[in-house]
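Here is a short report on a two-chain model. Look over the sequence and the structure first, then read on.

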Amino acid sequence: MEKITTHTGVGVPLRRSNVDTDQIIPAVYLKRVTRTGFEDALFARWRKQDDFVLNHEAYRNGSVLVAGPDFGTGSSREHAVWALNDYGFRAVLSPRFADIFRGNAGKGGLVAGEVEQSDIELIWKILENQPGTEVTVDLVERTVTCDTLTVPFQIDDYTRWRLLEGLDDIGLTLQHEEDITEFESRRPDFKPRTLPART
Amino acid sequence: MGRTLAEKVWTDHVVRAGENGAPDLIYIDLHLVHEVTSPQAFEGLRLAGRPVRRPDLTIATEDHNTPTIDIDKPIADLTSRTQIETLRRNAEEFGIRLHSLGDAEQGIVHVVGPQLGLTQPGMTVVCGDSHTSTHGAFGALAMGIGTSEVEHVLATQTLSLKPFKTMAITVNGELPEGSTAKDIILAIIAKIGTGGGQGYVLEYRGEAIEKLSMEARMTICNMSIEAGARAGMVAPDQTTFDYVQDRPHAPQGADWDAAVEYWKTLRTDDDAVFDAEVVLEASDIEPFVTWGTNPGQGLPLSASVPDPAKIADENERIAAENALAYMDLEPGTPLREISVDTVFLGSCTNSRIEDLRGAAAVLKGRTKAPNIRMMVVPGSARVRLQAEAEGIDQVFKDFGAEWRFAGCSMCLGMNPDQLSEGERCASTSNRNFEGRQGKGGRTHLVSPLVAAATAVRGTLSSPADLD
């Protein structure tokens, strides 16, 4: 997983609350066997509407999504984070995230920053008045800067540390690889192995 | 203070204890893999440039998508075929042992592990499948995991797990003739509900459990997840040791002696305290069937379809009303009068040789009810071969049942074996959810003996109804 300290990119105002994971990526895309390439699946239903924000040229290459409250509710699918990542998003800002989504985001290297609703409104106005404005998400300082506005965002210490260090779950566990190797040296000989195959 | 069986197995697998409420890092002894939940896990490894840490503790089979007829022909459904082909490529690339369609060891992952002797007492076993609880029958701590956890186990052979609570489910006394392990577990789920086991590891104990064969214990542990529990266990005993001994991957010689010595310590201490306890009397357990759309909506076969109006709890009443509408059943109808269209004998719950023997003994010399479709799907290619060696396949064929190749089949209908809209099925599987066996299909969960008797009479029946 890539380390993130700050990220700057075009902000996308998504004026919707309760964006559930089925909107982020409809179930039909879950049959795939790949882990990447979900960019076409992101908000697939909404993107069929001409006036959807990502269909505006100025926002098309956005990488900071600014959404209403309760982002990521519904089914626990990890694909929602994959789809946002694959499209090019590095951060989602919302007044409130669904717990499972927030957990999946942290594991997937996507910053999920909680920003006060009133600040979200201010950011939306800037992004709508000046489409294409860049937003800087500073994970070290926990601030969001958009034009002349700088506001704080919340993210828990543990998730912030993981993102700063670029550690996914496996990376974290492998920090303790010596413990695993040591445990393996103590495993009893009678424990079965699948290889070589006996039938 | 003494420890429970589950706590002993847990303690013996702690690689690193979590501090300040963080999860423990637990070592995994056996990782079972199939084609549905593994593709993105392997892809994740590939993207990160990570190898599989212990291919020698990992084994894969093809089961969810595999056809049960014409297995030598290409798989027609594109999604199914892609998943199978992806597993084959991943197994090749990462050095994983794979038993493919057509191989003598292919079959449902939860049938194959025990059959090869890979599932043993005191192990930790995981698989990207909720019915991994099956392996708890050996006194193993076995649980289903999600795809990102599959990747984590492939890469590290460990899992970060939060501690669980323990629940004792004691079944006293002796099971009446005609009642089986399936009836015990359906009665347990009806008693504690589909959420009753949430957050717990269940330990099944008591005289009735001790008397069960290993295959019957697997049936019970298999459906622990249907009571909301991630895992269910039975303490290993002589029955367990006898089952494991001489299987292909069982310990041998001095290893066998060391293993048995350890396995004998895997019992809940007399002074251990469970977080919850449930007690059932085996003598009360009749053949059980479900009438609704969750596994907790079950009753003894002698009962009638319940009247939702008489259910006090509002949520349960609404659930019952919805279930009866979906199942097209009238309150008050005796369960024995419900006609079915199809009988499915199979799934990781009930597709082992004893299940097939039990059903065949009921069917032998009897005639199938008109218009009934009966499908028999052995749990593994090995079970199929054994049944054929014993002549059981001929009993099914003479009766007019379809004798199929191994796989998950109609339990979840990922392959072509599905119910059609409105079709009613007596099924030895584990989930009667809406649409599980096919869109609009109606499922009654039953034991293999009830499935067989139902195929004879055409309505939900037990062998005792046949004479």
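## The cysteine cluster in chain B

Cys411(B) lies in the loop between β17 and β18 of chain B. Strands here are DSSP runs of E with at least two residues, helices are runs of H or I with at least four, and both are numbered from the N terminus. This is a predicted model: local features need pLDDT of at least 70, side-chain atom pairs count only at pLDDT 80 or more, and totals for chains, interfaces and linings use all residues. Residues are numbered from 1 along each chain as its sequence is written, while chains are lettered from A and ligands numbered from 1 in the order in which they are written.

Cys408(B) also sits in the loop between β17 (402–403) and β18 (424–427) of chain B. A residue counts as buried if 20 or more other C-beta atoms lie within 10 Å of its own, exposed if 12 or fewer, and partly exposed in between, with C-beta atoms placed from the backbone. Two residues are in contact if their C-beta atoms, placed from the backbone, lie within 7 Å.

Which residues carry the UniProt feature "binding site"? The unreviewed entry places it at Cys348(B), Cys408(B) and Cys411(B). They are spread over 64 residues of sequence, yet cluster in space, with a largest C-alpha distance of 8.7 Å. UniProt positions follow the numbering used here, feature names are shortened, and annotations may be inferred rather than shown by experiment.

## A parallel sheet

Chain B holds an open sheet of 4 strands, in the order β11-β10-β9-β12, with parallel pairing. β11 (231–233) and β12 (276–281) of chain B are the edge strands; each has a single partner, so one side of each lacks a neighbour in the sheet. From one strand to the next, the twist averages 20 degrees. Strands pair if DSSP finds at least two bridges between them. β10 (residues 200–205) of chain B is joined to β11(B) by 3 bridges. In one of these pairings, Val201(B) has Ala231(B) as its bridge partner in β11(B). Helix α6 (residues 181–192) of chain B packs on the sheet and touches β9 (165–172) and β12 of chain B. The direction of α6(B) makes about 130 degrees with that of β12(B). Axes are lines fitted to C-alpha atoms, for helices over the stretch in contact, and angles run from 0 to 180 degrees between N-to-C directions.

## Chain B as a whole

Chain B has 15 helices and 19 strands. Of its 467 residues, 58% are buried. The C-alpha atoms of chain B fill a box of roughly 55 × 55 × 45 Å along the principal axes.

## A covered helix in chain A

Helix α2 (residues 79–87) of chain A is mostly covered, with 7 of its 9 residues buried. Among them are His79(A), Trp82(A) and Tyr87(A). The cover includes α1 (21–24), β3 (91–94) and α3 (99–108) of chain A. Gly88(A) follows α2(A) and has a positive phi, near 125 degrees.

## Where the chains meet

The contact takes 42 residues from chain B and 25 from chain A. On the chain B side, α5(B) gives the largest share, 6 residues.
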